[in-house]
Amino acid sequence: MQSRHELRQLIRQRRQQLSTQQQQQAAEQLAERFTALPFLADCQHIALYLSNDAELDTWPLIHALWQLGKQLYLPLLHPVTPGHLIFQHFHANTPMRANRFGIPEPDWSCPDLCPVAQLDLICTPLVAFDASGNRLGMGGGFYDRTLANAPLRSRDGQPRVIGLAHACQQVPAVPVEEWDVPLPAICTPTQIFLP
Ligand SMILES: Nc1nc2c(c(=O)[nH]1)N(C=O)[C@@H](CNc1ccc(C(=O)N[C@@H](CCC(=O)O)C(=O)O)cc1)CN2
Ligand SMILES: Nc1ncnc2c1ncn2[C@@H]1O[C@H](COP(=O)(O)OP(=O)(O)OP(=O)(O)O)[C@@H](O)[C@H]1O
């Protein structure tokens with residue numbers, strides 16, 4: 001089996017090869033598929049992220065969710081606890097700044113945070129996933145640490161965490177480490193996985 005490092009490089013290259021048109025179509029299809037999720041009606045506070053490195057563009061989804069009246073949150077690299085994320089309310093006028101990876105994030109000088117336990121749904125970025133819900137990320141361990149003690153499902157069994165990805169990011173089997181948090185749901189432009 002490939003190492004996690006090799007798999008990360010391979011799948012990052014694969015998604016970087018998608019054309020602008022493929023990216024646009026994928027982002028729109030994802031927004032449609034995601035907004036049709038039956039459990040979305042029960043989710044008011046939703047964490048998303050702004051795309052980077054040829055990840056699926058989340059902007060069409062963000063606009064669709066605002067249109068539905070949802071409260072959205074974006075991850076901030078924790079200013080005190082290294083390797084962890086906190087989630088800041090995100091609206092059309094939220095002041096933004098680039099984090100150390102160059103990804104725009106809300107400026108935490110005006111904090112308006114939502115504790116992980118109070119988010120109804122957390123959308124995670126990922127590099128590679130498999131049909132069993134195993135997830136390989138960018139390699140910072142941010143989501144694994146942040147979700148380590150979080151319930152992955154609501155009390156009625158619906159997913160509270162969902163990975164978003166291009167279809168081409170699916171692999172037969174992600175090599176798993178003990179700290180990996182498995183995803184109870186993954187949404188691609190063409191399919192919903194509920195492992
Ligand atoms: N869109 C998005 N936001 C996110 C994540 C993500 O995966 N995607 N993260 C998910 O955890 C966190 C940031 N994690 C990241 C980890 C590594 C790199 C990255 O580009 N690494 C470079 C080297 C960076 C450097 O120079 O230090 C690389 O690997 O080429 C980016 C984001 C929080 N926000
Ligand atoms: N719950 C945890 N507690 C402490 N260290 C952790 C935890 N989860 C992950 N790590 C550390 O983080 C590092 C990166 O982990 P990994 O390669 O799984 O990240 P990733 O899932 O690819 O990244 P991300 O979650 O940021 O997208 C590893 O060295 C691992 O030891």
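This is a predicted model: local features need pLDDT of at least 70, side-chain atom pairs count only at pLDDT 80 or more; totals for chains, interfaces and linings use all residues.

Started with ligand 2: helix α4 (residues 142-147) gives the largest share of the shell around it, four residues. Helices here are DSSP runs of H or I with at least four residues, strands are runs of E with at least two, and both are numbered from the N terminus. Residues are numbered from 1 along each chain as its sequence is written, while chains are lettered from A and ligands numbered from 1 in the order in which they are written.

Next I checked who sits nearest. Ligand 2 has 14 residues around it, and Gly137, Gly141, Phe142, Asp144 and Trp179 come nearest. "Around" means that the C-beta atom, placed from the backbone, lies within 6 Å of the molecule. I sorted that shell by type and got six nonpolar, four polar and four charged residues. My classes: Ala, Val, Leu, Ile, Met, Phe, Trp, Tyr, Cys and Pro are nonpolar, Asp, Glu, Lys and Arg are charged, and the others, Gly among them, are polar.

Then ligand 1. I found 17 residues around it, with Phe101, Pro125, Met138, Gly140 and Phe142 nearest. Its shell splits into 10 nonpolar, five polar and two charged residues.

Moved on to strand β3 (residues 85-90). Five of its six residues are buried, so I'd call the strand mostly covered by the definition (buried is 20 or more other C-beta atoms within 10 Å of a residue's own, exposed is 12 or fewer, partly exposed is in between, with C-beta atoms placed from the backbone). What does β3 pair with? Strand β2 (residues 71-77) runs antiparallel to β3, joined to it by six bridges, and strand β6 (residues 113-114) is also antiparallel to β3, with two bridges. For pairing, DSSP must find at least two bridges between the strands. I looked up a residue pair for each: Leu76 has Ile86 in β3 as its bridge partner, and Gln88 stands opposite Leu113 in β6.

Last stop, the loop between β1 (45-47) and α3 (59-67), where Asp53 lies. Asp53 isn't a glycine, yet has a positive phi of about 55 degrees. It counts as partly exposed because it has 13 C-beta neighbours inside 10 Å. Ala54 lies in the loop between β1 and α3, and its phi is positive too, about 65 degrees, though it is not a glycine. Ala54 has 15 C-beta neighbours inside 10 Å, so I logged it as partly exposed.
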